[in-house]
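Open the model in your viewer and keep the sequence panel beside it. This tour tells you what to select at each stop.

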Amino acid sequence: MSEKDRPSDDLTREMAALRRELQILNAHRFIRVHNSFPRMLAFNLARGLAAGLGTVLGATVLLSVMIWALSQIEFLPIIGDWAAQITAQVRDLQN
């Protein structure tokens, strides 16, 4: 049997390549963060805070734009009056 045909040599080369890939993967920042429980906890806390803040700010901007747009509608009496009441209540809460 020649050197090229030996399955154990192929397996040895594949295992060496797999070890190199695992070393590269373990050196990756994402893996290092998740190998430590305190770092993983801090990372997930920061991610949750950012998501919560983004949700609140996005909802605030969206609602304020919607309320402003509804307050500009004066030609529909029901919606215009309702939007004007909401706008007045928001202004009262700000003062």
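Select residues 7–26: this is helix α1, and Leu11 is found in it. Helices here are DSSP runs of H or I, at least four residues, and strands are E runs of at least two, numbered from the N terminus. The model is predicted, so local features need pLDDT of at least 70 and side-chain atom pairs pLDDT 80 or more, while totals for chains, interfaces and linings use all residues. Numbering starts from 1 along each chain as its sequence is written, and side-chain values use heavy atoms, without hydrogens or water.

Stay on Leu11. Buried or exposed? Leu11 is exposed, with a relative accessible area of 52%. The cut-offs are under 20% for buried, over 50% for exposed and partly exposed in between (1.4 Å probe, protein chains only).

Together they make a nonpolar surface patch of about 450 Å². Patch residues have over 30% relative accessible area and no salt bridge; like charges are joined within 9 Å, nonpolar side chains (Val, Leu, Ile, Met, Phe, Trp, Tyr) within 5 Å. A salt bridge puts a side-chain nitrogen of Lys or Arg within 4 Å of a carboxyl oxygen of Asp or Glu. Areas come from the Shrake-Rupley method with a 1.4 Å probe; for residues, only the protein chains shown count as cover.

Next, select residues 77–94, helix α4, and pick out Thr87. Thr87 is buried, at 13% relative accessible area. Which residues does Thr87 contact, leaving aside neighbours within four places in sequence? Show Ile67 and Ser71. Contact means heavy atoms within 4.5 Å.

Finally, zoom out. The chain has 4 helices and 0 strands. Buried residues make up 7% of its 95 residues.
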